[in-house]
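Q: I have just opened this one and would like a walk through it. Can we go piece by piece?

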Amino acid sequence: MTVYVIDDDPEVLGSLGSLLRSTGLDVALFQTPREFLAAAPPTAASCLVLDVRLRGQNGLDFQEQLAREGVAIPVILITGHGDIPMTVRGMKAGAVDFLPKPFTEEQMLAAVDSALARDRERREHAAGADALQRCYERLTPREQEVMGLVVTGLMNKQIAARMALSEITVKIHRGNVMRKMEAQSLADLVRMAESLGIRDDTIHRFNI
């Protein structure tokens, strides 16, 4: 896990680096957002400690830039000149915490722990969603169609009639769907369908 820190004050930067390294965390220190953007993107759980008042650039503007560009790293804002509007703007842009200077070591470490936990959870969720999508893409178009009907609660006979197939063919497709989706039960398959968002209006029309 890596904590990225952007602060144009070398003394603050050095202190935060020492504090975070003392807990066993990897730390990357930058004096400008440009240096941060030039670094390799994080591949494991991470967070960004970002000073609001940077020389030549507003940290809040940079935070919003990250959000626009889809950089999902949790941000902890720090500032010696915070006010309510600034806090509101930062939190609206997705900051996980806002620490006024001076803050204690305990406050910083607690904020970092929370941010890293949030990013770890986000990454695990994203990995699960990617794996589910890969399973779905292994289905043939016909199997995807069968899955869409199965998760509405239709029986094999009903699906066969709707798709103009024999019931045995539907059973084969249904078995392939369960195997390729690695579903343990129909309820499991329904949850997958909900996650994939494949229940469309046509399927809802069965209302089963």
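**A walk through the model**

A: Start with Gln63: leaving out residues up to four places away in sequence, Gln63 touches Leu50, Val75, Leu77, Gly90, Ala93, Gly94 and Ala95. Contact here means heavy atoms within 4.5 Å.

Q: Before we go on, what kind of model is this?

A: This is a predicted model, where local features need pLDDT of at least 70, side-chain atom pairs count only at pLDDT 80 or more, and totals for chains, interfaces and linings use all residues. Residues are numbered from 1 along each chain as its sequence is written, and side-chain values use heavy atoms, with hydrogens and water left out.

Q: OK. Where does Gln63 lie?

A: Gln63 lies in helix α3. Helices (H or I, at least four residues) and strands (E, at least two) are DSSP runs, numbered from the N terminus.

Q: Is Gln63 buried or exposed?

A: Gln63 is buried, because its relative accessible area is 3%. The cut-offs are under 20% relative accessible area for buried, over 50% for exposed, and partly exposed in between (1.4 Å probe, protein chains only).

Q: And Phe62, which helix is that in?

A: Phe62 is in helix α3, which covers residues 59–68. Phe62 has a relative accessible area of 0%, so it is buried.

Q: What is Phe62 in contact with?

A: Apart from neighbours within four places in sequence, Phe62 contacts Ile6, Pro33, Phe36, Leu37, Leu48, Leu50 and Gln57. Phe62 and Arg34 are 28 residues apart in sequence, and their C-alpha atoms are 9.8 Å apart.

Q: Phe36 was in that list. Which residues lie nearest the centre of the largest pocket?

A: Phe36, Pro41, Pro42, Val71 and Ile73 do, out of 13 lining residues. On a 1 Å grid over the protein atoms alone, a pocket is an open set of points with protein on both sides within 12 Å along at least five of seven lines, unlike a cavity, where a 1.4 Å probe fits but cannot get out; lining residues have an atom within 4 Å of a point.

Q: What is the volume of the largest pocket?

A: The largest pocket has a volume of about 220 Å³. Grid points are joined across faces, edges and corners, and the volume is the space filled by probe spheres set on the points.

Q: What is the lining made of?

A: The lining of the largest pocket has 10 nonpolar residues, 1 polar and 2 charged. Ala, Val, Leu, Ile, Met, Phe, Trp, Tyr, Cys and Pro count as nonpolar, Asp, Glu, Lys and Arg as charged, and the others, Gly among them, as polar. Helices α2 (33–38) and α5 each supply at least two residues of that lining.

Q: Switching topic: how many residues are in the largest nonpolar core?

A: The largest nonpolar core has 22 residues, and those with the most contacts inside it are Tyr136, Met147, Ile159, Met181, Leu189 and Leu196. The elements giving two or more residues to this core are α5 (105–137), α6 (141–150), α7 (156–163), α8 (167–181) and α9 (186–196). A nonpolar core is a set of buried Ala, Val, Leu, Ile, Met, Phe, Trp, Tyr and Cys residues joined through side-chain atoms within 4.5 Å.

Q: What does Met181 contact?

A: Beyond neighbours within four places in sequence, Met181 is in contact with Leu132, Cys135, Tyr136, Leu139, Met147, Leu189, Met192 and Leu196. There is also a second, separate core of 20 residues, including Cys47, Ile76, Met108 and Ala111.

Q: Cysteines, then. How many disulfides?

A: The count is 0 disulfides, where a disulfide is a pair of cysteine sulfur atoms within 2.5 Å. Cys47 is buried because its relative accessibility is 0%. Cys135, at 10%, also counts as buried.

Q: What about the backbone: which residues does the cis peptide bond join?

A: A cis peptide bond joins Lys101 and Pro102, with omega about 0°. Pro102 sits in the loop between β7 (97–100) and α5.

Q: What is the phi of Ala164?

A: Ala164 is not a glycine, yet has a positive phi of about 60°. Ala164 is in the loop between α7 and α8, and is exposed because its relative accessible area is 72%.

Q: And Glu182, where is that?

A: Glu182 is in the loop between α8 and α9. Its phi is positive too, near 60°. Glu182 counts as partly exposed because its relative accessibility is 49%.
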